[in-house]
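Student: I am new to this structure and would like to learn how to read its pockets and its surface. Could you walk me through them?

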Amino acid sequence: MSTRPLLNRSLAGMGTTIFAEMSALATATGSINLGQGFPDTDGPEEVREAAVRALRAGLGNQYPPGPGIPELRTAIAEHQQRFHGLTFDPDTEVLVTAGATEAIAAALLALLEPGDEVIAFEPFYDSYAACIAMAGARRVPLTLRAPSFRPDLDELRSLITPRTRLLLVNTPHNPTGTVLTPEELAAIAALAVEHDLLVVTDEVYEHLVFGGAHHPIAALPGMRERTVSISSAGKTFSFTGWKVGWVTGAPELVTAVRTAKQYLTYVSAGPFQYAVAEALRLPDGYYADFRADLHRKRDLLVAGLTAAGFRAFEPQGTFFVTTDITPLGEKDGLEFCRSLPARCGVVAIPNAVFYDDPEAGRSQVRFAFCKREGVLEEAVARLKRLAV
Ligand SMILES: Cc1ncc(COP(=O)(O)O)c(C=O)c1O
C-alpha cells in the first residue's frame, strides 16, 4: 500500500469542520447548541407550503435547468432590484446554486489559477480557505482586529501584489458581525479597479443588519463587471437545510462560475427552488420583522454574555456574537469550547479556527443567537455558572 496520504495535499490539515465536531458534541451531551448558525425554528409556513405544493405538483422532482428554474432566477433579479437597485438579466446574469457554499466553491474554482493570491478578511468563514486551496491559489489574510474588527485599508493596499487576482469580501461578516461602511466599500472598490482585481462578495446575511444598512459592493462604480455577488435563502428565510443559493454578476462572470458549478452538483433542490421564488417576493414586512426579531435576540445574548462575565463585541449584523473569554480567566477558546458542554451544557465555536494564525483569535469564542428566546435565556443562565 502506498505511503502517500490519501487526502489531497491541498486539503491536508483541514480535517472535520469545527461545526460538525461541535454539533456532534452538542447532540452527544444534550447541550444547547449556540455553535452552528442555523435557526431552531423553521421559516414562514407559506414558504414551507409552497415547497409541499411544488413536490405534489411534480415541479422540480426531476433535474431542473442547469442555471436554475426561470421563476427563481426572475425572483432573484427582482430581489436585487427591489432591495439594492441593481439590475440583472435573469437569463444571463443569475445562477442558482446549492447554497452559498457551492456558489463560493464554483466562483473560486472558476476564477482562480494555481499561484494566484486571494485577499480575504480574517477570521474567515471556513469554506473560503478550503476552496482557495482546492483551486491551488494562496490566501492572504487581512486581519480584522478586536475590538472594532474594521479592515485596515492601508494594510489591504500593502497586501496587493502582481499575483493578487481576487478580493474575497464578506459583509455582513461572519464571525465578527462587521458590516462594511459605504466608505470602506468605496476604498476596497477603488483598489479593485486600480489593480484590475476580481471581487467575490459573500452577502448571505444581507438582510441582517441591525440599525444600519447593507451596501452591496457590486453597486459601486466600476464594480459591476468585476464582481460576483453571492447570497442564499438559508439565512434570510430560515431554511438552511434547503441549500438554495445564488450568484449574480456580469454575463462573462456568471458563465465562468456556471461552468465550474455544472461539474459540482450540476443542479439541486428542484422543488425548493419554486418555494424560494415565492419567498423572495414576500412583502417588506417579512424582512423587517425577521430583522427586528434577530435584533432583539442579539441584544438579549450580548447582555446575557456580558452579565456572565464575557467581553461581548456587539455585532452590527449576522447571527453571531464574538466574545473574548479572558475576563473569565480563560485563554484558549478551543479548549474552552471543548470543555463547555461538560461544564455547563452549552456549545459555542472557537474563533481560532477561522484564522490562519490561531494565536490571533485564541481567546475569542463565537455564539449564535438565531435561536428561540427561551433557549437563549437558558443558555445564558447556564453560562452564568462559569463565573461562580
Ligand atoms: C458567511 C457565510 N457564507 C456562506 C454560508 C453558507 O451558506 P449556505 O448554507 O447557503 O451554503 C454561511 C453559513 O453559515 C456563512 O456564514
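Tutor: Gladly! Keep in mind that this is a predicted model. Let us begin with the second largest pocket, which has a lining of 23 residues. Gly37, Thr101, Tyr125, Lys235 and Lys243 are the ones nearest its centre.

Student: How much space lies in the second largest pocket?

Tutor: About 430 Å³.

Student: Which helix gives the largest share of its lining?

Tutor: Helix 4, with four residues. Helix 4 (99–111) and helix 8 (233–237) each contribute at least two residues to this lining. Sorted by class, the lining of the second largest pocket holds 10 nonpolar, nine polar and four charged residues.

Student: And what should I look at in the largest pocket?

Tutor: Start with its space, about 610 Å³. Its lining is made of 23 residues, and nearest the centre lie Gly13, Met14, Thr17, Asp126 and Val353. Here helix 5 provides the largest share, four residues. Both helix 1 (18–29) and helix 5 (126–134) supply at least two. By class, the lining of the largest pocket has 12 nonpolar, seven polar and four charged residues.

Student: Now the surface: which residues make the nonpolar patch?

Tutor: Leu109, Met134 and Leu264 make a nonpolar surface patch of about 250 Å². Leu264 sits in the loop that runs between helix 9 (251–261) and helix 10 (270–280).

Note on methods:
Residues numbered from 1 in each chain as written. Predicted model: local features only at pLDDT ≥ 70, side-chain atom pairs only at ≥ 80, totals over all residues. Heavy atoms only, no water. Patch = residues over 30% accessible without salt bridge, like charges linked within 9 Å, V, L, I, M, F, W, Y side chains within 5 Å. Areas by Shrake-Rupley, 256 points an atom, 1.4 Å probe, with all protein chains shown as cover. Salt bridge = Lys/Arg side-chain N within 4 Å of Asp/Glu carboxyl O. 1 Å grid on protein atoms, 1.4 Å probe; cavity = no way out; pocket = protein on both sides within 12 Å on 5 of 7 lines; lining within 4 Å. Points joined across faces, edges and corners; volume = space filled by probe spheres on them. Nonpolar A, V, L, I, M, F, W, Y, C, P; charged D, E, K, R; others polar.
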